[in-house]
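Biologist: Please pick one part of this model and take me through it closely. I would like its packing first, then its surroundings.

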Amino acid sequence: MAAAETIETLLHLGVALKDAFVKAQDVAGGDLSWADFMKSDSFKSISGFVESSLSKLSGPSLDQAIQAVRAKQISVRKGRALTQLSVDEIKQYSDLVDAEQLLVHKELKQAANSPTFFKWFVDDALPTLVSIAKVVVPLLL
Amino acid sequence: MLSTRRVATGGCLRVALAVAGLGLGGCACEHGQGHAAADAGEVIDKQAELAELALMQCKAHDDAKCDDVAAKLKQIRSAAVDLKGLDKK
């Protein structure tokens, strides 16, 4: 899978999980654990998509994405010091570094259909994905 | 997760660093899975470099948050050293 597609898959997975979790919380009338969420109709409605997304992320996809992100960092910097980059280039480089930081997380490498992973993914990874996708995905295409 | 959020405002690069634990790399080595701590250390080095730039610009603009940025930068550097050390164990 191409690096841009990996980032988009992660983003879509995070958005789907968060959306389904919020809906399940509404049905439950408030507090809901991620374990209980996985028993909800809301989760069942996206479970096929979740399985499909997780299977796409297994294998070499993450490593390939990390290599592509690092290559693009080099391409943006062109051997220059950070102080020589324009504001736009610094934004690009910074978002690429954030992407790399996300992709090397052990939680992501060990992604699984589990409440622990989903909680980390929605609470910690999704905000970064939302922040970087608009800049990083076009750079990786 | 260590993360940096930067917003370019009027030519001044402002940095708000949020340090919320280190779920990076290290433990993955013990399980023979995931990425090496060196990967995490390397990427945090890059974050430190970006934070150094932000600190320079912060100082140039006499920003009140400079001390906070400097403190966070110190934490980032320390985290990078720790992660690289983990990978050698």
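Modeller: Start with a crossing: helices α1(A) and α3(A) cross in a left-handed sense. Keep in mind that this is a predicted model. So α1(A) is the part to follow.

First, the geometry. Two packed helices are described by the angle between their axes and the distance between the axes. For α1(A) and α3(A), which covers residues 41-57, the angle is about 160° and the axes are 10 Å apart. Because angles over 145 degrees count as roughly antiparallel, α1(A) is roughly antiparallel to α3(A).

Next, the residues that meet there. From α1(A) come Thr9(A), His12(A), Leu13(A), Ala16(A), Ala20(A), Lys23(A), Ala24(A) and Val27(A). From α3(A), the partners include Phe43(A), Ile46(A), Phe49(A), Val50(A) and Leu57(A). Ser42(A), Ser45(A), Ser53(A) and Lys56(A) in α3(A) also take part. By type, the residues of this contact divide into 10 nonpolar, 5 polar and 2 charged.

On the α1(A) side, the contact uses Ala3(A), Ala4(A), Ile7(A), Glu8(A), Leu10(A), Leu11(A), Gly14(A), Leu17(A), Lys18(A) and Phe21(A). Facing them in α7(A) are residues including Phe118(A), Phe121(A), Val122(A), Leu126(A), Leu129(A), Val136(A) and Leu140(A). The residues of the α1(A) and α7(A) contact split into 17 nonpolar, 1 polar and 2 charged.

The largest nonpolar core has 46 residues. Ile7(A), Ala65(A), Val69(A), Ala99(A) and Leu103(A) have the most contacts inside it. In chain A, α1 (3-28), α2 (34-37), α4 (61-77), α5 (87-103) and α7 (115-140) each give two or more residues to this core. So do α2 (37-60) and α3 (66-88) of chain B. Leaving out residues up to four places away in sequence, Ala65(A) touches Ala3(A), Thr6(A), Ile7(A) and Leu103(A).

Leu140(A) was one of the α7(A) residues that meet α1(A). Ala71(A) counts as partly exposed because 13 C-beta neighbours lie inside 10 Å.

Past α4 there is one backbone point to check. Lys78(A) lies in the loop between α4 and α5 of chain A. Its phi is near 50°, a positive value in a residue other than glycine. Most residues other than glycine have a negative phi. Lys78(A) is exposed, with 9 other C-beta atoms within 10 Å.

Last, the setting. Chain A has 7 helices and 0 strands. Its C-alpha trace spans about 55 × 30 × 20 Å along the principal axes. Of its 141 residues, 35% count as buried. Take the contacts in chain A between residues at least 6 apart in sequence: 75% join residues at least 24 apart.

Definitions and conventions
Residues numbered from 1 in each chain as written. Chains lettered and ligands numbered in written order. Predicted model: local features only at pLDDT ≥ 70, side-chain atom pairs only at ≥ 80, totals over all residues. Helix = DSSP H or I, 4+ residues; strand = E, 2+ residues; numbered from the N terminus. Buried ≥ 20, exposed ≤ 12 C-beta atoms within 10 Å, placed from the backbone. Contact = placed C-beta atoms within 7 Å. Core = buried A, V, L, I, M, F, W, Y, C linked by C-beta atoms within 7 Å. Axes fitted to C-alpha atoms, helices over the stretch in contact; angles between N-to-C directions. Parallel < 35°, antiparallel > 145°, perpendicular 65-115°, else oblique. Left-handed = near helix turned anticlockwise from the far one by under 90°. Nonpolar A, V, L, I, M, F, W, Y, C, P; charged D, E, K, R; others polar.
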